[in-house]
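Hi,

Here is the structure I said I'd pass on.

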Amino acid sequence: MRHFLQIDGLSTKDLHHILDTTESFTSIDDRAVKKVPLLRGKTIVNLFFEPSTRTRTTFELAAKRLSADVLNINIATSATTKGESLLDTLFNLQAMNSDMFIVRHPESGAAEFISNYVDSHVSVINAGDGRHAHPTQAMLDMFTIRKHYKEFSKLRVAIVGDILHSRVARSQIEALNILGAKEIRVIAPRTLLPANVAQLGVEVFQNCKEGLFNVDVVIMLRLQKERMQGGFIPSEHEYFQLYGLTPERLAIAKPNAIVMHPGPINRGVEISSEVADGPQSVILQQVKYGIAVRMAILSLAMSSADENGGGN
Amino acid sequence: MKLEIINGHLVDPKNQIDQHANLYIADGRVIAVGKKPADWQADQSIDAKSKLVLPGLVELSASLREPGHEHKATVQSETKAAAAAGITSIACLPTTNPVVDTPAQVELIEQLSQSSGQCHVYVIGALTTNLNGENLSEMAALKAAGCVGVSNVFHPMKSSLVLRRAMEYASSQDLTVFSYPLVHALANHGCVHEGITSSRLGLPGIPAAAETAAVAFQIALIEELNVRTHFCRISTDRSVHMISRARFDKLPITADTSILHLYLTDQEIQGFDGLCHNQPPFRTLDDREGLRTGIQDGTLSAICADHQPHEIEAKLAPFQSTEPGSSTLETLLPLTLELVKEDVLTLSDAVNLITQQPADILGISAGNLCVGANADACIVDLKHSWILNSENMLSRGKNTPLLGDQLNSRVTHTILNGKLIYENKLN
């Protein structure tokens, strides 16, 4: 696993290996000195072509806790406006002897594209590419679920909201399928569902009443404000009426069902404050585990890259 | 100058010839097929033993990139590639810079192709000024300068009313409208077929309806206005059905598809390979089968290369940012002949789809070996297998999803105006 680009293509064993490794890193988080020397002397570049606070920060913390040197490069306005191609940007940074690129990019396939052009000792981690994948987010979600439930094979999981534009949902669906979840449901109006979505291995629901019935995990997705302009939904108000997670609606799910959200949350749009701050919410746990999961993935990728390129 | 091509298997669909026959050429014209003319003494004799002899191919759509995009290709480079592919007539698109919307632009391209001397080049002019979709081009002037048709290519029309008027005006000038059916609002910046592949990869999709709705709409206009229209690059099974019905109703409609659409589907895009970025996109297996049926039953009357050479950088980006299109002149004939091997087409029908029928669509006299016709022909070795790679491609554009694939036939000779302009000894 030199690159970590998407969940698709990984095995059940691979995913459990990542989750087990994560487990060993969670204890570091609770120590007074939160640092291990695993990646000492390595240079990791956070290459973000899209604004991000949470993901970039957790990657930075993860890398620093592994003792790596971290460089944050934000090219939110896109280097192409300055006339430099994505590859030229990459080659320049690579010339500075970077060992790993953590890439976020607004276009699907960007991380995989970059991975085809880096040197053999360099790793590429996908921190979100367009609508395609956000595999580290999916892994931290799986870790959070595993913290609450022993076996994936007994779980019914509902993902609610804008599946169409969500790289998080795609990666979650792939991970849950690989881990053998009993049932994966998506709940959204048809305007927010991708074409042939059922073929991704999910049950499709248009309303929460049926879709949330008897589920163990409810994953809410963020609704971007610009969806109102695109004719996807009429208003925030109607969206909340139909899909917003309220205590009453959550009661349709199993009594102790956990509530997740990749953040940042829109209170009163896809989730009410009572639920977001309520006892069933594990949203802040997700953020906390995000660091340990990324430490696990960075260290696993770096050790493969070292084997691959002779590691200097 | 007298040239003979002897011992070959000659296929000329127009004259229903599909047998061993010698071809005799003098002063740039075919003077006899089969029977040697009296007092014949050839200056040059080509032995085509165990090879095919075909009329020179006619390509409906090639972007020659000149003027304005010489970093991608030139008339010289691409007509040379055409000659190596057995293509002797090409129609090129108005999407140059500046756009072909004045007689001067037409003349420039004609001069460039004449000085290259590798291929007959015909120009399709712009339907609207600068392809802006709003103001009609001076179509009578374009026609007088030699344009064989008009098109707005994939540039949107401002309104359906402008489209209607443009079609009517073109009809008044006896010009065929080459229509690229697409409802741009439905395509919505998509870059692949909308379906499970687009959903899995998170790439914005172009629904089949973006094409079929435009085909249906334009058929309604054609029915009312009786304007001669050619639908370019049909990509969906549903469009084939609608066009079939319209042709049954005797509407003045023809249509083509590209050779790559007869092979590739959206499945190829796994791995975000920008070389598979095409417009219209490669669609489903059902669509591909529908297109194959369309060329079998005559609904689609031409197969074209849809040649779009690019510089290397055009494909070096994440999928959505790559430029669509493939460099395909050199694979048109091998892949079309492969359809014969796969029993999709008879040899004669396959040849017809890339010679006489596209010539008829363009309204040019080419695509056959009638006595008296311009002697444009090619000779093909059906036993020569080769691997396509960027070194053996003559086109300046090396952008094709077929790089590294095996092709099972190769042009050995191309004759233009009775002269041997290309020879490959296949060592």
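Chain A is split into domain 1 (12–133 + 287–307) and domain 2 (135–286), with bounds that come from an automatic or database domain assignment. Keep in mind that this is a predicted model, where local features need pLDDT of at least 70, side-chain atom pairs count only at pLDDT 80 or more, and totals for chains, interfaces and linings use all residues. Residues are numbered from 1 along each chain as its sequence is written, chains are lettered from A and ligands numbered from 1 in the order in which they are written, and side-chain values use heavy atoms, with hydrogens and water left out.

Taken over C-alpha atoms, the centres of the two domains of chain A are 26 Å apart. Their contact (heavy atoms within 4.5 Å) takes 29 residues from domain 1 and 27 residues from domain 2.

Together the domains bury about 2,400 Å², 61% of it on carbon and sulfur atoms. Buried area here is the accessible area (1.4 Å probe) that two parts lose on being put together, summed over both. On the domain 1 side, A:Leu19, A:Arg131 and A:Tyr289 lose the most area to domain 2, together 30% of what that side buries.

There are also three salt bridges between the domains, a salt bridge being a side-chain nitrogen of Lys or Arg within 4 Å of a carboxyl oxygen of Asp or Glu. As for A:Glu50, it forms a salt bridge with A:Arg167, and their closest N and O atoms are 2.8 Å apart.

Cheers
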